[in-house]
Amino acid sequence: MGEVLILHGWQNHRPEGHWQRWLAEELDARGHDVRYPQLPDADTPVRAGWLAALEAELVSTTPSQLTVVAHSLGCALWLAYAVARRESGLDDPAAARVILVSPPSDGFLERTPEISGFLTADTGEDDAVAAALAAASIAAPMVVQGDDDPVNPAGTVAFAEVFGLERVTVPGGGHLTIGDGYGPFPLVLDLVLDPGSPTG
């Protein structure tokens, strides 16, 4: 069975009923090695602290077996990690696959002082971030996003095109939170279990 690392977002304390907790339980029941860490200071996150926590989780994983599933600010964390490792000269993949669910736009990060430190804009152009993302996983990352996500109004198409990523659009999904009705989220489970699941 594979390994799965689940990264939560801002102000997320891994509550009962969240689709990430549901996903962790479903995957564990199927025999997968699941990591679902509580990242430090979820309400007032610091980029360096989250990066250190992510790196600590990755130390004992097998990149060729690892799928990373990130939500919201967890997606920005993965982008920051990918850029940092690329800048440090690491070109070998850290994961086999990456699924980015509801990544926030740079505009949202800029307008939100508590999490503006997670911006990747200071690293240069979009091409550099795209190259870093591509190098960080064996398969191209995939974006899953609602077509009416208030945290990324441009939606999944724009985000995926900027960074050259595969995409799945969830009509009316909002930010894909408990408040939006997710809860159980079979789509993401299917994407983890079946890399060949269709996108749209």
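Setting aside neighbours within four places in sequence, valine 4 is in contact (heavy atoms within 4.5 Å) with Leu27, Asp33, Val34, Arg35, Leu66, Thr67, Val69 and Val192. The model is a predicted one, in which local features need pLDDT of at least 70, side-chain atom pairs count only at pLDDT 80 or more, and totals for chains, interfaces and linings use all residues. Residues are numbered from 1 along each chain as its sequence is written, and side-chain values use heavy atoms, with hydrogens and water left out.

Valine 4 is found in strand β1; helices (H or I, at least four residues) and strands (E, at least two) are DSSP runs numbered from the N terminus. With a relative accessibility of 2%, valine 4 counts as buried, where buried means under 20% relative accessible area, exposed over 50% and partly exposed in between (1.4 Å probe, protein chains only). A separation of 14 Å is found between the C-alpha atoms of valine 4 and glycine 74, which are 70 residues apart along the chain.

Helix α1 (residues 19–29) has Trp19, Gln20, Arg21, Trp22, Leu23, Ala24 and Leu27 as its buried residues. These pack against β1 (3–7), β2 (33–35), β3 (66–71), β4 (97–101) and α7 (186–193). Glycine 31, with a positive phi near 90°, follows α1.

Next comes a helix pair. Helix α3 (residues 73–87) packs against helix α5 (residues 126–136) at an angle of about 90°, with the axes 8 Å apart; axes are lines fitted to C-alpha atoms, for helices over the stretch in contact, and angles run from 0 to 180 degrees between N-to-C directions. That makes α3 roughly perpendicular to α5, a term covering 65 to 115 degrees, beside roughly parallel (under 35), roughly antiparallel (over 145) and oblique (the rest). On the α3 side the contact is made by Trp78, Leu79, Ala82, Val83, Arg85 and Arg86, and on the α5 side by Val129, Ala131, Ala132, Leu133, Ala135 and Ala136. These residues divide into 10 nonpolar, no polar and 2 charged (Ala, Val, Leu, Ile, Met, Phe, Trp, Tyr, Cys and Pro count as nonpolar, Asp, Glu, Lys and Arg as charged, and the others, Gly among them, as polar).

Glutamine 11, in the loop between β1 and α1, has a positive phi near 60° and counts as partly exposed at 47% relative accessibility. Aspartate 41, in the loop between β2 and α2 (47–58), has a positive phi near 50° and is exposed, with a relative accessible area of 52%. The peptide bond from tyrosine 182 to glycine 183 is cis, with omega near 25°.
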